[in-house]
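Dear colleague,

As promised, I am handing over the structure, followed by some notes on what was found in it. Please read the notes with the model open beside them.

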Amino acid sequence: MSSQDNFPEWIDNLATGNTYSGRTQRTGLQEYNQLPLGDSCDIMEPSTMDTAQLFPLMETKLYKRRWAMLFIFSVYSMSNAFMWLQYSIISNIFTKFYNISTLAIDWLSMIYFLTYIPLILPVMWLLDNRGIRDVVVVGSAFNCIGAWIKTSTAQPEMFAMTFLGQFVCSVGTVFILGIPSRLASLWFGQQEVSTACSIGVLGNQMGIAIGFLVPPILVPNVDDMNELAHHIRIMFYISAGVATLIFVLVVIVFQEKPEIPPTQAQVQARSISPDEYSYMASILRLLRNKPFMLLVVSYGLNVGCFYAVSTLLNRMIIEHYPNEEVNAGRIGLTIVIAGMVGSLICGIWLDKTKTYKQTTLVVYLLSLTGMLVYAFTLNLGHLWVVFITAGVLGFFMTGYLPLGFEFAVELTYPESEGTSSGLLNCSAQIFGIIFTICQGKIIDKWGTLPGNIFLCIFLLIGAVLTGFIKSDLRRQKANLQSMVHTASPTGSISSAQDYGATAYSSHWPHQS
């Protein structure tokens, strides 16, 4: 007796979305012919029982040490993000110290964006072929080396060397930004992946928050160059010491993946032979995925605006509130702390509801609203108003970061999470450079309000593009198939919490 005869026909209909009675015959592995049923249907997905024969349920397990892996990555990301902003948040001080233009100081931030663009493809290849541990170890090494180079640059004539150190740190960033979604998938269960991804992003935001807060405290705006050099040197040595400790921690503690995978989706991923996976073919499939490419552009517009605001925040605040370097840092801290709360709430919300497109679109529109309010209240002369509007802006704009990562994984499953995240971040770096340069020029010529309106226009474009994204939640479809295939003849479900107990291969027909 065949397996088809052993299971009620309603389960096949549920798995394929068909409400009619019909029978299929299987002619070979993953080959399905539909017997004539009229002209209304010409494609049928493989039945759940056939899929179950190909991919039986395997043992899964959640390890407590998954939280240690997430913590180590988060502090590594935090260290690198701090060094991104340690110059720009006190740009007026470094401009005086090194006797350079504001654009040169801006490039100490934008070098992070520029480095990412040519290096992301080889790093994604390394992530897919060598694994997450090698990528994290190499990235933390670059972060540590760059920090130590900068310890020797607390002298007015050493700008070129400090730029070199910042460049080396920026290489470390390429090994960070695509990791959260991959780490969450490798170590965490289905009900935790979005929250874990949010925490991974939160580590980077924490570094940005410290980068806003600490440099204005450690490096006061004094006129004595020797005293100023002393303060700068202290800041560089602290960041180098922390980066070294994190590197040692990564080498000793960080692991590639758990012995037993956390979800059925990871079981299927491990069953794929390396010979069957083509990195370039995966890239090409992603580039042909229209919903994903719309997300790439809209994500780049949103995050690029955040990068521009972060880089130019000191200039915008000082223009309206002179000698308020410390409060400029506190305003940046407010943006990021509010964003960290937003990221965490969005991650938990996604784990509970799985409403990826709806949540992404709402948060995008609220980011646009926050940016408009911030733009029109910045010059009112009341710092407390700026703190409030900046907090609202940060809650939604920074809270959008993990939404983009998780929505991309859903749209591109079963492609590598590192590859989809890498393309999202590449778009963000490109727009970050463009927006930072353009907004800086606009601020210099016409003031902060036109510069912020410039960003609002592109946030509006991004919101419109998000509305056009066709939501194709492939990972959720695989999960539904898993639920059906573990059902008993009475309709009970034994394991509804494992993602992808069936392989949702790209060559199977997808129903919209």
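Predicted model: local features only at pLDDT ≥ 70, side-chain atom pairs only at ≥ 80, totals over all residues.

Residues are numbered from 1 along each chain as its sequence is written, and side-chain values use heavy atoms, with hydrogens and water left out.

Cavities

A search of the whole structure finds four cavities of 30 Å³ or more. A cavity here is a set of points, on a 1 Å grid over the protein atoms alone, where a 1.4 Å probe fits but cannot get out, and its lining residues have an atom within 4 Å of a point. Grid points are joined across faces, edges and corners, and the volume is the space filled by probe spheres set on the points.

The largest cavity has a volume of about 140 Å³, and of the 16 residues that line this cavity, Leu177, Val201, Asn204, Leu401 and Phe405 are the closest to its centre. At least two lining residues come from each of α4 (66-85), α10 (193-218), α14 (290-320) and α18 (400-412), where helices are DSSP runs of H or I with at least four residues, numbered from the N terminus. By class, this lining has 12 nonpolar, four polar and no charged residues; Ala, Val, Leu, Ile, Met, Phe, Trp, Tyr, Cys and Pro count as nonpolar, Asp, Glu, Lys and Arg as charged, and the others, Gly among them, as polar.

The second largest cavity, with a volume of about 110 Å³, has a lining that includes Asn80, Ala81, Trp84, Tyr112 and Phe113. Leu177 and Asn204 are also among the residues that line the second largest cavity. α4, α6 (102-130) and α10 each supply at least two residues of this lining, and α4 gives the most, with three residues. By class, the lining of the second largest cavity has seven nonpolar, four polar and no charged residues.

Helix pairs

The axes of α9 (residues 179-187) and α19 (residues 417-446) come within 8 Å and cross at roughly 160 degrees, the axes being lines fitted to C-alpha atoms over the stretch in contact, and the angles running from 0 to 180 degrees between N-to-C directions. α9 and α19 are therefore roughly antiparallel to each other, a term used for angles over 145 degrees.

α7 (residues 132-150) and α8 (residues 159-174) pack at an angle of about 165 degrees, with their axes 7 Å apart, and that makes α7 roughly antiparallel to α8.

Single residues

Asparagine 99 lies in the loop between α5 (91-98) and α6, and its phi is near 55 degrees, a positive value in a residue other than glycine. Asparagine 99 is exposed, with a relative accessible area of 70%, where exposed means over 50%, buried under 20% and partly exposed in between, for a 1.4 Å probe and protein chains only. Asparagine 323, in the loop between α14 and α15 (325-353), has a phi near 60 degrees, a positive value in a residue other than glycine, and is exposed, with a relative accessible area of 65%.

Leucine 344 is found in helix α15 and is partly exposed, with a relative accessible area of 32%. Leucine 344 and threonine 195 are 149 residues apart in sequence and 6.6 Å apart in space, C-alpha to C-alpha.

With kind regards

Technical notes. 1 Å grid on protein atoms, 1.4 Å probe; cavity = no way out; pocket = protein on both sides within 12 Å on 5 of 7 lines; lining within 4 Å. Parallel < 35°, antiparallel > 145°, perpendicular 65-115°, else oblique.
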